[in-house]
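Hello,

Here is the structure I promised to pass on. Have a look at it first, and my notes follow below.

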There are 2 protein chains.
Amino acid sequence: MPDPTAYIRDGAEIYRQSFATIRREADLSAFSADEEGVAVRIIHACGMVEITEALAFTTGAVAAGRAALAAGKPILCDAKMVAYGVTRARLPAQNQVLCLLDDPQVPGLAAQAGTTRSAAAVDLWLPHLDGAVVAIGNAPTALFHLLDRIAAGAPRPAVILGMPVGFIGAAESKEALLASGLPALVVRGRRGGSAMAAAAVNALASTAE
Amino acid sequence: MPDPTAYIRDGAEIYRQSFATIRREADLSAFSADEEGVAVRIIHACGMVEITEALAFTTGAVAAGRAALAAGKPILCDAKMVAYGVTRARLPAQNQVLCLLDDPQVPGLAAQAGTTRSAAAVDLWLPHLDGAVVAIGNAPTALFHLLDRIAAGAPRPAVILGMPVGFIGAAESKEALLASGLPALVVRGRRGGSAMAAAAVNALASTAE
């Protein structure tokens with residue numbers, strides 16, 4: 001068996017070797033320089049260099065996200081796991097990281113609209129939505145509901161990180177996002193999740209590796 | 001484009017269809033009945049039916065985890081994302097969910113031991129460790145450090161969910177866990193993460209789908 005005392009303990013060195021391994025193994029040729037930095041962090045979060053085949057960026061989405069964070073705009077998350085995955089020390093303007101799923105209004109809104117709590121919580125985003133960074137790592141219903149609201153005139157976020165995971169609605173919600181014309185960063189298909197969504201936020205927040 | 005108004009909004013129906021899809025597509029033949037329930041929830045968390053090829057259970061690990069939770073033992077998590085992914089309503093005994101990464105002793109312990117904060121936080125688990133459920137979804141150093149401590153005489157947890165993700169040390173730490181003879185549930189290789197670790201806890205906590 002491996003000698004458990006022989007592992008690397010230095011966090012900075014682990015990061016350095018991790019990112020070097022990713023850059024050696026991953027095919028990053030499809031990405032612009034700023035997209036590449038986001039792709040590398042998403043790979044780091046999931047341990048799969050082949051996730052690049054599922055990544056889609058709309059033109060200028062990374063720059064829009066970076067500018068929004070630099071301007072102090074909030075980060076709106078569909079799940080607490082996403083919110084807790086955002087590294088506060090990387091944020092350029094002590095940006096608010098909001099997940100409103102536990103708001104006491106949510107169960108009533110969900111029952112009234114006949115939808116999930118994750119989707120109902122999106123309605124509480126509206127006062128914060130203009131120019132914000134939206135990070136969806138869990139619920140396709142939250143992404144569908146957001147697209148409905150924006151189509152009906154709600155404020156437009158700076159960028160939507162569309163990464164819900166799963167078997168029912170996830171892939172479809174992300175294709176709907178890409179078809180909407182909104183600035184977006186997407187993990188197509190069934191894969192995605194809170195860790196990838198948080199990693200994308202962390203990549204937009206700072207170029208440091 | 002897909003009609004964004006046509007998606008399924010009923011949370012219970014989304015779960016039902018999700019688990020039906022997983023059971024239709026995944027090869028679950030390698031698993032015992034109680035392992036299968038855990039495998040299905042891990043697949044649900046990552047969107048990949050093929051993750052089954054990386055799953056390894058030691059004999060009796062699922063039963064040991066269920067018994068520990070039923071007996072009110074705590075869940076020790078290496079990352080806040082894991083802790084926030086545990087569904088409190090599924091826990092059989094209002095079990096404590098502990099992540100001690102933010103404890104003020106951690107930076108000092110890490111500096112003193114020349115290791116990561118995640119590994120140093122493991123030392124604060126020791127009073128809670130006997131018979132506990134350990135869920136590691138992020139840091140290989142936390143898993144290596146735990147194995148070192150147990151080899152040196154620390155109390156044995158009921159089961160270790162070993163699912164750190166990444167490129168440096170993750171695969172090796174999980175092989176060391178399997179070689180240790182401790183009760184374990186592992187996602188071998190580079191894949192893993194907080195969502196899979198939390199899903200495994202949620203599966204041990206209740207058989208409800």
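Let me start with one residue: Tyr7(A) counts as buried, because its relative accessibility is 9% (buried is under 20% relative accessible area, exposed over 50%, partly exposed in between, with a 1.4 Å probe and protein chains only). Please keep in mind that this is a predicted model, where local features need pLDDT of at least 70, side-chain atom pairs count only at pLDDT 80 or more, and totals for chains, interfaces and linings use all residues. Residues are numbered from 1 along each chain as its sequence is written, chains are lettered from A and ligands numbered from 1 in the order in which they are written, and side-chain values use heavy atoms, leaving out hydrogens and water.

Now the aromatic rings. Rings of Phe, Tyr and Trp (its six-membered ring) pair if their centres lie within 6.5 Å; planes under 30 degrees apart count as stacked, over 60 as edge-to-face and the rest as tilted. That gives seven aromatic pairs over all chains. In one of them, the ring centres of Tyr7(A) and Phe144(B) are 4.3 Å apart with planes at 5°, so this pair is stacked. Tyr7(A) sits in the segment before helix 1 (11-25) of chain A and Phe144(B) in helix 7 (residues 140-151) of chain B, so the pair joins two chains. Phe144(B) is buried too, at a relative accessible area of 4%.

Tyr15(B) and Phe19(B) are also stacked, since their centres are 6.0 Å apart and their planes at 20°. Tyr15(B) is partly exposed at 37% relative accessible area, while Phe19(B) is buried at 3%.

Best wishes

Conventions: Helices (H or I, at least four residues) and strands (E, at least two) are DSSP runs, numbered from the N terminus.
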